[in-house]
Amino acid sequence: MAPAESNSGGATKEQPPVKAPAKDLKKKDEKKDEDLSEEDLALKQQLELYVERAQDADPGLQKVALESMREEIRTATSSMTSVPKPLKFLRPHYATLQAHYEKMSDSDLKKLLADILSVLALTMSPEGERESLKYRLLGSDGDIGSWGHEYVRNLAGEISQEYSKRQSEEAPIDDLMDLVVQIVAFHMKHNAEPEAVDLLMEVEDLDLLVEHVDSTNFKRTCLYLTSSAKYLPGPDDMLVLDIAHSIYMKFEEYPRALQIALYLDNFQYVSELFQRCEDPLKRQQFCFILARHGVSFELTESIIADDEEREALQNLINNTKLNEGYLTLARDIEVMEPKSPEDIYKAHLIEGRGSGGGTVDSARQNLAATFVNAFVNAGFGQDKLMTVPAEASSGGSSSSWLFKNKEHGKASAAASLGMIMLWDIDSGLAQLDKYFHASDTHVVSGALLGVGIVNCNVTSDCDPALALLAEYVEKEDASIKIGAIMGLGLAHAGSQNEQVRSILMPLLLDGRSSVDVIAFAAIALGLVYVGSCNEDVAQNIVLALMERSEAELGDPLARFLPLGLGLLFLGKQENVEATAEVSKTFNEKIRKHCDMTLLSCAYAGTGNVLKVQHFLGQCAQHLEKGESYQGPAVLGIAMVAMAEELGLEMAIRSLEHLLQYGEQNIRRAVPLALGLLCISNPKVNVMDTLSRLSHDTDSEVAMSAMISLGLIGAGTNNARIAGMLRNLSSYYYKDASLLFCVRIAQGLVHLGKGLLTLSPYHSERFLMSPTALAGLVVMLHACLDMKALILGKYHYVLYFLVLAMQPRMLLTVDENLKPLSVPVRVGQAVDVVGQAGRPKTITGFQTHSTPVLLAAGDRAELATEKYIPLSPILEGFVILKENPDYKEES
Amino acid sequence: MLKVSVKWQKEVFSNMEIDTTQPPYVFKCQLYDLTGVPPERQKIVVKGGLLKDDADWSKVGIKEGQKLMMMGTADEIVKAPEKGPIFAEDMPEEEQAVAVGHSAGLVNLGNTCYMNSTLQCLHSVPELKSALIQYPPPVRSNTVDQSSHSLTVATRELFNELDKNVRPVAPVRFLTALRSKYPQFAQLHNGVYMQQDAEECWTQLLFTLSSALRSSGSGEDADALKKFFGIDLVSRIHCPESGEESMETESVYSLKCHISQEVNHLHEGLKRGLKSELEKSSPSLGRSAVYTKDSRINDLPRYLTVQFVRFFWKRETNQKAKILRKVDYPLSLDVYDLCSDDLCKRLEVPRRLLRDEEGKKAGLKTNESSSTKDNDVKMTDAEGPSNASGDSSVSAPGEGAPPEKEKHLTGIYDLVAVLTHKGRSADSGHYVAWVKQENGKWIQFDDDNPIPQREEDITRLSGGGDWHMAYICMYKARDISI
């Protein structure tokens with residue numbers, strides 16, 4: 001939508017500056033004829049003479065006159081703000097020449113005159129007449145560029161208008177297309193790639209572009225294409241990206257091509273890429289990119305023939321290096337020392353208030369400490385509560401902390417061990433093993449969940465998660481069942497694993513399963529088949545929804561069923577429509593809720609403005625009787641709008657309005673939506689809003705605001721948020737529920753001691769990892785009913801966040817994949833779309849040596865010529881190759 | 001025979017041989033030898049499935065050179081501790097109160113912060129609580145009128161409730177009793193109960209309790225409240241004109257700290273408060289003359305109440321105006337030099353003992369930190385005087401002093417409660433109690449809201465601005481058992 005307008009907007013914009021002075025000039029011309037300098041006067045008289053001659057009967061004379069007129073116009077130079085003099089002086093004669101042209105018989109001369117009229121029409125043609133184009137088509141097909149940029153630009157604008165007119169009349173467009181080819185060629189040669197792309201988009205013939213790009217301008221062209229794709233309505237955006245992909249492939253810019261393939265979710269392209277690119281190092285880099293995106297992609301023999309290489313590459317895709325790389329980063333930054341929850345609370349900094357008595361264990365506060373400990377020490381493999389040195393295991397502190405949690409709290413405590421051992425399958429499973437034999441069902445349940453967490457985002461070829469968890473799904477005890485189901489969902493998120501489906505699906509339709517079991521089964525299936533549009537799974541969830549009684553649908557956990565269904569269609573837009581139709585037949589209690597959830601998931605990460613408006617419209621309605629659909633609608637605004645920066649800012653403002661005018665159930669969801677919009681990106685204005693809401697009189701608004709403060713600061717160690725939360729902890733020290741939320745937020749802010757991010761976006765905010773978003777959305781939906789779920793006995797839904805946890809690092813490795821320290825410049829990324837030349841891409845940079853942390857909006861570039869990165873985007877794992885042309889400076 | 005490699009934790013056992021004719025249990029026993037993990041705890045993962053002990057190798061589909069993963073540890077199985085922790089959430093409310101570390105707040109029933117803060121301060125005196133528990137006596141005497149009786153009972157009940165609850169308590173019954181006993185507290189202004197002077201409430205309440213408890217008391221603790229709060233003063237009344245002199249004794253419940261231009265510290269104010277001038281008819285002169293009254297403390301209570309005379313009646317505005325002057329008060333107060341000679345003599349021994357004991361504590365610390373002989377020698381030197389004092393204490397009973405192991409007052413007091421006022425006159429503004437809990441933490445009781453505070457902030461309530469300033473301070477005697 002935007003380029004269409006921007007182009008026509010551009011065309012109209014170009015006219016006023018030309019025409020406005022024209023009006024003034026007319027008046028001036030009459031009065032100030034005498035004011036002209038002698039030189040100008042001579043020129044004027046000369047041109048008048050030419051005009052007169054051009055109407056002469058003698059073709060010879062005519063020809064000379066026209067040619068000299070053309071010469072005058074072509075050689076005229078002028079500044080940007082004024083009309084070239086010959087054009088100015090010829091203006092009064094435009095009508096005369098036009099009249100003469102009509103009278104002339106067809107000849108070369110007529111064409112010559114048409115050319116001149118076409119140029120004159122640039123300033124003279126009345127708006128909407130497109131005379132410039134008309135005479136251009138009548139004229140000789142001479143070199144279009146010889147008349148200058150402004151002329152070409154004007155012509156392009158007229159073409160797009162003419163094109164849409166002819167499209168509606170179904171008139172032929174061949175003559176226009178010839179012109180387009182000329183213009184595109186001209187633009188592409190003259191650093192005006194955006195104009196060329198705009199024109200081609202207008203005339204719907206982007207394929208032309210591929211012929212005209214060359215090695216100097218393909219990068220800029222593709223950058224323009226990919227960034228404009230965000231503003232295009234479907235299916236045009238896909239088309240544009242497809243073109244960008246083929247251009248990248250043509251110029252062997254494979255990492256970029258891979259990114260676009262991932263954006264398009266097109267694994268055909270990915271396989272092609274592996275086949276096209278023979279370089280083993282580059283292939284390894286592709287694997288790192290695939291691993292970061294969190295998709296499971298199986299390399300088959302047809303893609304890579306060599307067994308050994310295939311296995312090595314598959315291991316990279318399975319993310320087996322993640323833990324190692326993360327620990328390298330941690331050691332380099334020197335944060336290996338485990339932290340206790342007290343180190344995070346920093347109670348000594350709080351004015352005047354010791355935190356209560358503290359002699360007696362509070363189950364709620366211990367549970368909070370369990371989560372804080374898990375979040376802070378995530379992935380480090382050591383902590384101060386759960387992991388014990390082997391000698392101390394007799395009555396060791398591990399089990400003693402475990403049993404300092406009450407009932408279902410023990411499940412979260414056992415699972416927290418999985419979080420601490422995150423991504424380290426071998427030692428993680430060994431540590432969790434002891435809990436499998438416990439007599440307490442909650443501990444076993446937590447251990448199962450822990451297995452899922454350890455295996456989250458990493459895959460082992462033995463698939464131990466499936467082997468271990470499968471049998472427990474059959475157990476009678478609901479809590480063990482849920483632990484196993486959630487574990488399977490986390491471990492296999494995005495894998496579309498058939499075996500998992502055959503294990504989980506029967507649960508959905510088992511009439512004996514309780515609501516919580518089927519709710520978690522639906523979520524797990526949604527995660528495993530995220531964004532796959534799998535009909536079979538969708539049908540089963542729909543059936544499960546239909547079979548349940550109204551009372552059961554009223555359960556707070558019942559919201560997970562439509563959400564599981566929605567996850568299947570995450571980001572898949574129209575594909576959801578059939579299912580959305582079916583959902584209209586549901587029980588009215590859940591119908592609208594389901595509809596909102598489905599829509600919000602299907603359009604998540606698309607930036608579709610119409611959908612945002614739709615959700616806003618839903619939020620404006622008054623609720624009749626305890627309906628709950630507005631919560632998902634508010635979250636939907638954030639899910640859709642988070643795609644790009646502009647829409648995001650607008651959504652933040654719209655949410656502010658909802659805060660002022662919305663009803664209570666909307667106000668409760670707004671902080672969560674803000675949290676999602678700015679996840680791991682603490683924008684000051686949002687921070688202030690949330691800080692204000694954290695003192696809201698409605699305790700649920702306050703709770704979600706505090707959780708969101710944690711989300712926007714997740715993994716940043718942001719001192720301001722940490723200070724706010726400390727103050728909140730002393731403000732709410734008497735209210736256990738609110739304090740619990742503050743603690744969780746404190747844990748999130750120091751997630752992975754500040755090395756992790758929760759943002760689902762990566763690769764310069766271009767790609768969105770579907771599993772990461774799914775994890776966030778599940779957790780946020782659970783937060784919509786904070787009291788029943790997070791503060792009830794389902795607090796372990798907080799562990800769904802693990803899906804989005806990724807180190808926010810740049811780790812450079814050498815050709816043997818060993819860490820290699822090189823200097824890099826890290827600074828604020830600058831938007832260089834549509835800029836000519838090679839503009840600076842970062843600003844305010846500092847030079848560090850890798851591995852380094854990258855904050856939200858940061859970009860890195862190598863500060864040495866000695867190596868060449870194999871990926872143009874310096875994020876995550878990047879392989880460096882030695883630069884053969886590099887010469888050591890003496 | 002197949003050869004496979006098995007990965008266990010970070011180790012890899014390559015070239016493990018499988019005898020496909022034997023059940024997998026045999027293979028697990030092989031692994032037991034290598035890893036020490038008993039077969040029943042081994043989990044061997046084969047491509048997303050577990051290897052069963054009695055499975056058929058041919059159906060498992062293991063290939064030559066395949067990688068297997070084994071999980072399991074020989075670690076001890078986690079057992080729940082026999083006695084799990086007790087969670088605050090599970091406790092009955094009275095026990096939670098103990099855990100929280102302070103008692104409940106009191107709901108403001110409409111300008112009753114004067115009463116709430118007074119009650120919170122008095123509630124911190126455990127002796128008062130135990131005295132109240134014995135009330136009413138089995139045999140009721142007739143000396144107590146009905147309203148005093150009900151006020152005393154209401155106090156007892158309220159203190160009880162405060163100890164049991166975490167949530168704020170509404171002192172409705174107490175308020176009704178107080179107002180029926182002292183109608184001045186039920187004054188209305190524009191249909192609303194007026195704010196009252198906390199000091200008045202304090203004094204009246206103590207008076208009532210004292211009379212009620214006195215009547216109930218039997219034998220030795222006949223006047224319990226006097227023992228806790230009463231201060232015996234001996235005053236010399238002297239008329240400079242006639243040279244007449246007389247001695248008087250009286251008993252008061254609080255010391256007054258007079259505030260004038262020169263007073264910067266509590267101690268100075270107290271001294272000034274003990275000196276006064278009065279005009280009375282002199283028998284020798286036959287007319288009224290100015291007498292000076294110079295009082296000294298003759299007996300000390302367990303709890304010393306100090307009232308800052310911050311309010312004076314201002315005729316023009318018809319209200320009790322407030323002196324905002326800053327008067328510092330210490331966390332521990334020594335009243336030795338306000339005592340009469342007689343009392344000073346009695347205090348001497350316990351004071352010396354207390355000093356020694358504290359010195360010993362400090363000395364012990366240095367002893368622990370160093371082990372050189374020199375220090376040891378010094379230590380014995382330092383202990384010399386303490387031995388001497390030990391001797392004197394042995395001789396003390398012979399001199400008719402109270403028997404051993406009895407608590408003795410030392411004249412040194414520690415601050416335990418402060419009642420503060422914020423505002424410009426006694427009948428307006430806001431009263432708040434700051435009370436030291438048994439665990440040593442300070443709590444600010446702002447009606448129904450107890451807020452933990454730091455000790456150093458307590459001494460900052462000394463006035464000199466519009467912030468809360470101390471109106472009544474309660475000190476607890478630091479005693480020593482001999």
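This is a predicted model: local features need pLDDT of at least 70, side-chain atom pairs count only at pLDDT 80 or more; totals for chains, interfaces and linings use all residues.
Q: What average pLDDT does chain A have?
A: That's the predictor's confidence in each residue, from 0 to 100. Residues 1-23 of chain A stay under 50, and so do residues 390-397. Still, 92% of the chain A residues score at least 70, and the average is 86.

Q: Is A:T850 buried or exposed?
A: A:T850 sits in the loop between β7 (842-849) and β8 (852-853) of chain A, where strands are DSSP E runs of at least two residues and helices are H or I runs of at least four, numbered from the N terminus. Beyond four places in sequence, its contacts include A:L810, A:L820 and A:V824. Buried means under 20% relative accessible area, exposed over 50%, and partly exposed in between (1.4 Å probe, protein chains only). With a relative accessible area of 1%, A:T850 is buried.

Q: How many residues apart in sequence are the parts that A:R220 and A:E193 tie together?
A: Their side chains meet in a salt bridge (3.1 Å, N to O), meaning a side-chain nitrogen of Lys or Arg within 4 Å of a carboxyl oxygen of Asp or Glu. A:R220 belongs to helix α12 (residues 218-229) and A:E193 to helix α10 (residues 193-202), so the parts they tie together are apart in sequence by 27 residues. Both partners are buried.

Q: Which residue forms a salt bridge with A:R283?
A: A:R283 is buried, at a relative accessible area of 7%. The closest N and O atoms of the pair are 3.3 Å apart, and the partner is A:E309.

Q: In the salt bridge between B:R460 and B:D457, how far apart are N and O?
A: B:R460 is exposed, with a relative accessible area of 52%, whereas B:D457 is buried at 15%. The N to O distance in this salt bridge is 2.4 Å.

Conventions: Residues are numbered from 1 along each chain as its sequence is written. Chains are lettered from A and ligands numbered from 1 in the order in which they are written. Side-chain values use heavy atoms; hydrogens and water are left out. Contact means heavy atoms within 4.5 Å.
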